[in-house]
Amino acid sequence: MPYQLRKNFKLFTLNSNPELAQEIADSLGCKLGQSSITHFSDGEIQIHIKESVRGADVYIVQSTSQPGTEHVMELLIMIDALKRASVKTINVVIPYYGYARQDRKASSREPITAKLVANMLEKAGATHVITMDLHAPQIQGFFNVPVDQLLGGKILEQYFTDKGLEDAIVVAPDNGGLGRARKLASHLDVPIGFIDKRRMHPDEPEMVNIVGDIKGKNVIIIVDIIDTATTVSAAADVLVENGAKAVYACCTHAVLSGQAIQKIEKSAITELVVTNTIAVPEEKQTPKVKILSVAPLLAEAIEHVHNEKPVTPLFE
């Protein structure tokens, strides 16, 4: 049953993930707004909104995935166009917030790009942000406008619940992923483990220890983002070498850059479960890759925000 939306509701998409935006529109029971994105002869972006948006509550769906610079600029220009068209509110729906891994100064003379992008979105005119699984939770504090961070883990949890793996264990590929792994293990009511990597001296090889009983088990590796797939592929191989029955890997954001798919295909991973916060090109949709849609969750969040209902139930 379609959601009840007020007449001043508008939903637009840009170029990063129009398929996801259409799924969200279908879930909401509305049509996507009419706009065009073209380029001038020198490559500069030109956006034209083809319908009246005066006084509207506008929602823009745009992940800042690769090409990140292009998609960020599309979003900024669209926000500016809407602001100059006298909209009431500008709500940006960013399923994947790019540049999030640059969230602090790791060494001298480095930028904090996650904060810079937040500043630009606010300055352009964004009044609300809806996103999913920020790489670092503190990025919410980089904004001075409301930010609702949805959890892709809920979708992954439901998938593995329905899959009903026997003798399962959730394993974090490193110490930093323990919190995420603990949530999934708690939901599935299975044990938790992790891969401990350490180098005692700079000139010595890295030591790998598996904490947890994985022999004969179906192992589920969970991370927030898979980029080059080096970490999850290596973790899967180590787990199988140490007696795991099968290894399933899952994440919210499938960046899958470079040779990521080739690494996954050659690895011991039985199945890679991802969501469509980032559009996965057809050439990367191999039999090992299972894609889950975040559209119903995002549609529900949009409806809650638009109708001024609490968003908290979506986190529970």
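This briefing covers the overall build of the chain, one of its helices, and the positions that UniProt annotates. The model is predicted, so local features need pLDDT of at least 70 and side-chain atom pairs count only at pLDDT 80 or more, while totals for chains, interfaces and linings use all residues. Residues are numbered from 1 along each chain as its sequence is written, and side-chain values use heavy atoms, with hydrogens and water left out.

**Overall build**
- The protein chain has eight helices and 16 strands; these are DSSP runs numbered from the N terminus, with helices being H or I of at least four residues and strands E of at least two.
- Along the principal axes, the C-alpha atoms fill a box of roughly 60 × 50 × 35 Å.
- Of the 316 residues, 50% are buried (under 20% relative accessible area, with exposed over 50% and partly exposed in between; 1.4 Å probe, protein chains only).
- Among contacts (heavy atoms within 4.5 Å) with a separation of 6 or more, 63% link residues 24 or more positions apart.

**Surface and charge**
- The accessible surface comes to about 15300 Å², and carbon and sulfur atoms hold 50% of that (Shrake-Rupley method with a 1.4 Å probe).
- There are 32 positive and 38 negative side chains, and the centres of the two sets lie 4 Å apart. Lys and Arg count as positive, Asp and Glu as negative, with His and the chain ends not counted; each charge is placed at NZ of Lys, CZ of Arg, CG of Asp or CD of Glu.

**Helix α4**
- Helix α4 spans residues 153-163, and its buried residues are Gly153, Ile155, Leu156, Glu157, Tyr159 and Phe160.
- These buried residues pack against several elements, including α5 (178-188), β15 (269-275) and α8 (295-306).

**UniProt positions**
- An unreviewed UniProt entry lists Lys197 for "active site"; such annotations may be inferred rather than shown by experiment.
- Lys197 sits in strand β9 (residues 192-198) and is partly exposed, at 33% relative accessible area.
- For "binding site", the unreviewed entry lists Arg199, Asp227, Thr228, Ala229, Thr230 and Thr231.
- Ala229 is in the loop between β12 (225-226) and α6 (230-241), and is buried at 3% relative accessible area.
- Setting aside neighbours within four places in sequence, Ala229 is in contact with Ala260, Lys263 and Ile264.
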